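Here are my notes on this model, as numbered points. Please read them with the coordinates open.

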Amino acid sequence: MKAVLTATAGAVIATLALIALPVQAQTQGGKAAQKLEERFNAADKDHDGKLTKAEAQAGMPRLAKHFDEIDTQKAGSLTLDQVKQYAAQQMKDRKQ
């Protein structure tokens, strides 16, 4: 009887851990996205929703290094969505 209870408790704990992992990943991903948005908004000095290369160099220097690569439309500015897409692609590439 004790062995059955121990095995059942182990199965319940393992199931809860499997459920919690995606939630934890989403929470961490959400925090990273929020931090990225905060940094983007702080770097966007004229608050037009876009970063020029100069704004990126001043406020997000690592982003500025990849500015031309991210600015695929050659608009001379980056939106938060473009930066998020680039960051997501970089994370995906790292996992492969």
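1. S77 is buried, because its relative accessible area is 13% (buried means under 20%, exposed over 50%, partly exposed in between, with a 1.4 Å probe and protein chains only). S77 sits in strand 2, residues 77-79. Leaving out residues up to four places away in sequence, S77 touches K50, L51, T52, F67, D71 and Q82; contact means heavy atoms within 4.5 Å.

2. This is a predicted model, in which local features need pLDDT of at least 70, side-chain atom pairs count only at pLDDT 80 or more, and totals for chains, interfaces and linings use all residues. Residues are numbered from 1 along each chain as its sequence is written, and side-chain values use heavy atoms, with hydrogens and water left out.

3. Confidence next. The average pLDDT is 80, and 71% of the residues score at least 70 (pLDDT is the predictor's confidence in each residue, from 0 to 100).

4. The protein has 5 helices and 2 strands, taken as DSSP runs numbered from the N terminus (helices H or I, at least four residues; strands E, at least two). From the N terminus on, the order is α-β-α-α-α-β-α. Of the 96 residues, 20% count as buried.

5. The largest nonpolar core has 14 residues, of which F40, L51, M60, L63, L78 and V83 touch the most other members. Such a core is a set of buried Ala, Val, Leu, Ile, Met, Phe, Trp, Tyr and Cys residues joined through side-chain atoms within 4.5 Å. Helix 1, helix 3, helix 4 (67-70) and helix 5 each give two or more residues to this core. L63 touches L51, I70, L78 and V83, not counting residues up to four places away in sequence.

6. The largest pocket has a volume of about 870 Å³, the space filled by probe spheres set on grid points joined across faces, edges and corners. A pocket is an open set of points on a 1 Å grid over the protein atoms alone, where a 1.4 Å probe fits, with protein on both sides within 12 Å along at least five of seven lines; lining residues have an atom within 4 Å of a point.

7. Which residues lie nearest the centre of the largest pocket? They are L36, A87, A88, M91 and R94, out of 20 lining residues. Helix 5 gives the most to the lining, with 9 residues.
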